[in-house]
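Student: I would like to learn how to read side-chain contacts and helix packing in a model. Could you take me through an example?

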Amino acid sequence: MIYISKNAHEYIKKILSHDIKKKYIELYVDIKQKKINFKMLFIKNFLKVQYFKIEFKGFNIYIKKNNLKFVYNLEIDLLQNNLTQKLIFKISNNKLKKQKNFNINLSKKYSILENRVKQFINIHINPILMSHGGELFLEKINDKKQLFIKFFGNCHSCVMVKTTFNQMIQKKLSLAFPELTEIVDVTDHNNKI
């Protein structure tokens with residue numbers, strides 16, 4: 001999920017209104033020596049097939065599908081002083097309680113199966129949920145190969161969460177990981193975050 005401050009949102013809209021030719025925004029992810037840098041590129045056109053669209057009020061941001069895993073809890077803000085304005089990017093630790101579950105390199109403390117499932121969720125499920133403001137986290141896989149998952153964001157209190165869980169998430173995960181014996185949603189949907 002990407003969070004854009006009100007000032008950054010207005011700044012982006014202002015840039016787009018000044019240059020009609022540059023109507024697309026790409027969130028560019030540059031990875032160098034275990035450090036991630038983000039840039040916002042205002043461009044004329046690109047191959048939409050390779051990109052995932054994230055909708056905001058007044059504009060859309062496109063990001064390469066293989067870079068989606070790097071933008072969880074990305075905050076975009078505007079840094080201003082007397083002479084200049086620039087967008088700044090940071091990964092937030094306080095937006096979601098389970099931030100530690102998102103690592104660029106999958107943690108060695110989890111089993112190989114857990115790492116595979118996490119990666120699958122980040123690539124094949126969360127981009128869909130993110131388009132509605134939600135996310136899914138792997139809580140654990142126990143010795144009986146039961147997968148425990150938890151919803152966050154807008155999915156937490158969505159009236160369609162059971163349908164999404166039964167008709168999309170369970171099916172995708174069961175097909176991808178037939179070794180799982182059960183997929184359990186442990187989210188307390190009655191308790192508002």
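Predicted model: local features only at pLDDT ≥ 70, side-chain atom pairs only at ≥ 80, totals over all residues.

Student: How many salt bridges does the structure hold?

Tutor: A salt bridge is a side-chain nitrogen of Lys or Arg within 4 Å of a carboxyl oxygen of Asp or Glu. The structure holds two. In one of them E75 pairs with K90, with 3.8 Å between the closest N and O atoms. Because E75 lies in strand 6 (residues 74-80) and K90 in strand 7 (residues 85-91), the pair ties together parts that are 15 residues apart in sequence; helices (H or I, at least four residues) and strands (E, at least two) are DSSP runs, numbered from the N terminus.

Student: Is E75 buried or exposed?

Tutor: Buried means under 20% relative accessible area, exposed over 50%, and partly exposed in between, with a 1.4 Å probe and protein chains only. E75 is buried at 16%, whereas K90 is partly exposed at 49%.

Student: Which residue forms a salt bridge with E179?

Tutor: That residue is R116, the closest N and O atoms being 3.3 Å apart. This pair links distant parts of the chain, since E179 is in the loop between helix 3 (161-176) and strand 10 (182-185) and R116 in helix 2 (residues 112-130), 63 residues apart. E179 is partly exposed at 30%, and R116 is partly exposed at 38%.

Student: What should I look for in a nonpolar core?

Tutor: In soluble globular proteins, nonpolar side chains tend to be buried together. A nonpolar core here is a set of buried Ala, Val, Leu, Ile, Met, Phe, Trp, Tyr and Cys residues joined through side-chain atoms within 4.5 Å. The largest one has 28 residues, and those with the most contacts inside it include I2, L27 and V71. Apart from this core lies another, of 21 residues, among them L138 and F151.

Student: At what angle do helix 2 and helix 3 pack?

Tutor: Axes are lines fitted to C-alpha atoms, for helices over the stretch in contact, and angles run from 0 to 180 degrees between N-to-C directions. Helix 2 and helix 3 pack at about 145°, with their axes 11 Å apart.

Note on methods:
Residues numbered from 1 in each chain as written. Heavy atoms only, no water.
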